[in-house]
Amino acid sequence: TQAFESYIRNFGGNAGGYDKEEKAARAYDMAALKYWGPTTTTNFPVSDRLRQEIGIDWQLHIHQAGC
């Protein structure tokens, strides 16, 4: 049974169900970084390298979406 869910408001999505609270929180962090970009606040520390990689992906997404 999945006791914890990770949900992003205004994203319209559920990042999944998890058996542990920490797993749900980490899934939320990844979804938040992908949706709101590298400057978003996360539950856990994120390496500068990961933020940079997500920042590049996020900028490409914004450019492709025409924002």
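Q: How many aromatic pairs does the structure hold?
A: This is a predicted model, and it holds 1 aromatic pair.

Q: What makes the pair of Tyr35 and Trp36 edge-to-face?
A: Their ring planes sit at 75 degrees, with the ring centres 5.0 Å apart. Centres within 6.5 Å make a pair, and planes over 60 degrees apart count as edge-to-face, so that's what Tyr35 and Trp36 get called.

Q: Why is Tyr35 called partly exposed?
A: Its relative accessible area is 32%. Buried would need under 20% and exposed over 50%, so Tyr35 lands in between. Trp36, at 33%, is partly exposed too.

Q: Why does Thr40 count as buried?
A: Thr40 has 15% relative accessibility, and the cut-off for buried is under 20%, so buried it is. You'll find Thr40 in the loop between α1 and α2, touching Ala32, Leu33 and Arg51 once residues up to four places away in sequence are set aside. Ala32 and Leu33 are themselves among the buried residues of α1.

Q: How do you know that the length of helix α1 agrees with its number of residues?
A: Helix α1 covers residues 21–36, which is 16 residues, and at 1.5 Å a residue it should span 22 Å. The C-alpha atoms at its ends are 22 Å apart, so the two agree. Just past α1, Gly37 takes a positive phi of about 95 degrees.

Q: What makes Arg26 count as sitting over the ring of Phe44?
A: The charged end of Arg26 is 3.9 Å from the centre of that ring, and the distance limit is within 6 Å.

Q: Which element has the highest mean pLDDT, and which the lowest?
A: Helix α1 is highest at 84, while helix α2 is lowest at 66.

Conventions. Residues are numbered from 1 along each chain as its sequence is written. This is a predicted model: local features need pLDDT of at least 70, side-chain atom pairs count only at pLDDT 80 or more; totals for chains, interfaces and linings use all residues. Side-chain values use heavy atoms; hydrogens and water are left out. Helices (H or I, at least four residues) and strands (E, at least two) are DSSP runs, numbered from the N terminus. The expected span of a helix is 1.5 Å times one less than its number of residues. Buried means under 20% relative accessible area, exposed over 50%, partly exposed in between (1.4 Å probe, protein chains only). pLDDT is the predictor's confidence in each residue, from 0 to 100. Contact means heavy atoms within 4.5 Å. Rings of Phe, Tyr and Trp (its six-membered ring) pair if their centres lie within 6.5 Å; planes under 30 degrees apart count as stacked, over 60 as edge-to-face and the rest as tilted. A charge sits over a ring if NZ of Lys or CZ of Arg is within 6 Å of the ring centre and within 35 degrees of the ring normal.
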